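Welcome, and thanks for taking a look at this one with me.

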Amino acid sequence: MIPRWRLALLALAAIAQIAVSATMIWRAEQVLRHGTPMKFRIQLYDPYDPMQGRYVALRFEDTDLPEYPGPCETYETLTRYVRLAPNDAGFAQPRALSETPPDEGPYLRCQVHIEPQYRYDENEEPEKPLPCRAWVNYPFNRFYVQEEKAPVIETALSELRGLDENAARGRAWVTVRILNGMGVLENLYIDGEEATAHAERILQQTNPQ
Amino acid sequence: MQARQPPAKAPAAALRWLYGELPQLEAQGLLPPGSAARIQEYYGPVPVSSRSQLLLAIFGVIGALQIGGGVILLLAHNWDDLGRPLRTLLALLPLLAGHTLCAWTLLRRPQSAAWREASATCLALAIGASIALIGQTYQIPGETPAFLLTWLLLGLPVVYAMDSTMAALLYMAGLATRGVTFHEPLTYWLLLGLIAPFLWIAEFRGVGIFRRWWLSAGLCGMLIAGVIATLSRRSDAPWLETFSLLFAALYLLGARRFRFTLSPWRICGALGTAGIGMALALATPVTRQIAAGDLFRGASAPEFFIIFALAALTILLAALTIPREPWAAVWLAPTVAIFTAAILLPHHDMRTGMLFVFGNLYTFALAIAQIVRGYRHNRLLIVNAGILLLMPLLLFRFFDAEMSFTARGFASILLGIGFLAANIALLRRKRAEGANP
């Protein structure tokens, strides 16, 4: 006869596991349905392997904060609330930091890196401190794609990387829904077209059925 | 007449051997007539099918791992053509299937180790697969340490509910991976504490030797990973001191708990201690860097705590074990040397020099002792272990450019004479034993 406590423990484990999964799904659905949509420009860089497994590794432009009140004497990483606002081109930019959620506007809870800056004289001695530099590390840094489409998307991004910086700027971005400090990736776009649709079109052209 | 004491629980293999010997012992008059029947009545029948049950459990676990892994690979294909709701359902399906299987096992086959192990393994893998697939489906940002922590905490109740060795080993593997990769010592030891009751019960409840061996091996790995997780925060941490204490403690624990089999603790302790001796003897830049760690300067609270706890455990075990098994003191020698050097020789170069000389002498003596011991007890494995320990040392010293040709030449000749003399002595002894059996 199996002890009852084992069955009870298994039942509790099932409730906990399903609750965790359901919470993840519910939170993500809430953000996708009610979150503020924002566009984030992604940086086109050429690492050794941008495709790690089945996702695109994302790096973002426009991550620097306009100013950091300081003080900062050493490099440090903090977790803060970052208020976002679109710039003239319509892409999201961090505007202000706070330790508590701001009262208005979309905001994210994420890591912020702070670094002191100096100007040096001709003897390479630090002349005077400049305002600290602060930049944001967005948490949504992976875009999962189907394995057949991944190489096609990589090729499209590689072609953009081959252009000069001004020609390539702003041609690839992601849309993110933001709600209560949480951001969920919606889609990756290349030249205004969904990256997955672009890949599907290319695949159909090369393998017509 | 004194009331009969219940018999000690004997392994099935031992009982089978004993019952096989009894008729011969009676026939030769070594046991009174009727003793065989009374002894068999006392110990009871040999547990049937213990080997076949074990085989069933092993095959069940392997099958569950393969199926679970295959399902993960198939689902990881990221079928975005199916749409989000269907993918979400597929992500939850392994979890539901795993729980259904475990519940059925507890209700219908609670005594079957094969069913318990296979269903628990399926469920443990399904938990991780579900979380990962939901994250992929919704593009939820997540860091690996948080993912592993969630998986471990959700999987732990399955270990206790199903009394599953495999689920416990998966938990330990996941925890060790997280600890070694991401450090966070406090979290590591807390999570280890959560599985400790299961390991304690398995150790002292008289479970099968196979299960006990694997859980002990898992615990060895966990302790090593725990030391790495605790010390990895700085490069000049007291690695040498801490690992020498750990391996000495493991060896002594093995000597106390598993007396008649090669226990994983004893193996781990012996290999680790021999490895430390060899590392000191070879004195590569890496070992020099490790030996430069300062025991008393810059040590954090977790480092002090772990060294103090290991030192107290080692001293206690040594006091209990060495009077009964003096040979075990050999495995404490590196610990004593390392701490002596750390306390008495604060200067880095003097300390590394002393440990270099000690490492060479110790490794050489240990290797020779193993070869001799293996020869005396007819244990080829121990002889080979001694040779494996000796050969790299001799080769390295032969090609050591920091020693002059003259020094190396004399050392090689002396060693050669020593080996030949030992051969002659052993041959004479063998002939004498052959002449006087």
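Predicted model: local features only at pLDDT ≥ 70, side-chain atom pairs only at ≥ 80, totals over all residues.

1. Which residues meet where H5(B) and H7(B) touch? From H5(B) come Glu117(B), Ala120(B), Thr121(B) and Ala124(B), and from H7(B) come Thr165(B), Met166(B), Ala167(B) and Leu170(B). Sorted by class, this contact has five nonpolar, two polar and one charged residues.

2. H5(B), which spans residues 113-137, also has a partner in the other chain: helix H1 of chain A, residues 4-34. The two axes come within 9 Å and cross at roughly 10°, so H1(A) and H5(B) are roughly parallel to each other. Their crossing is right-handed. On the H1(A) side the contact is made by Leu10(A), Gln17(A), Ser21(A), Met24(A) and Ile25(A), while H5(B) brings Leu123(B), Ile127(B), Ile131(B), Ile134(B) and Gly135(B). This contact of H1(A) with H5(B) has seven nonpolar, three polar and no charged residues.

3. Now follow H1(A) to helix H4 of chain B, residues 84-108. Here the axes come within 10 Å and cross at roughly 175°. Angles over 145 degrees count as roughly antiparallel, so that is how H1(A) lies to H4(B). Among the residues making this contact are Leu10(A), Gln17(A), Ser21(A) and Ile25(A) of H1(A), and Leu92(B), His99(B) and Cys102(B) of H4(B). By class, the contact of H1(A) with H4(B) has 14 nonpolar, four polar and three charged residues.

4. Next, have a look at the second largest pocket, whose volume is about 1400 Å³. It is lined by 41 residues, and the closest to its centre are Ile140(B), Pro141(B), Gly142(B), Glu143(B) and Ala146(B).

5. Which element gives the most to the lining of the second largest pocket? That is H5(B), with eight residues. By class, the lining of this pocket has 22 nonpolar, 15 polar and four charged residues.

Key
Residues numbered from 1 in each chain as written. Chains lettered and ligands numbered in written order. Heavy atoms only, no water. Axes fitted to C-alpha atoms, helices over the stretch in contact; angles between N-to-C directions. Helix = DSSP H or I, 4+ residues; strand = E, 2+ residues; numbered from the N terminus. Parallel < 35°, antiparallel > 145°, perpendicular 65-115°, else oblique. Left-handed = near helix turned anticlockwise from the far one by under 90°. Contact = heavy atoms within 4.5 Å. Nonpolar A, V, L, I, M, F, W, Y, C, P; charged D, E, K, R; others polar. 1 Å grid on protein atoms, 1.4 Å probe; cavity = no way out; pocket = protein on both sides within 12 Å on 5 of 7 lines; lining within 4 Å. Points joined across faces, edges and corners; volume = space filled by probe spheres on them.
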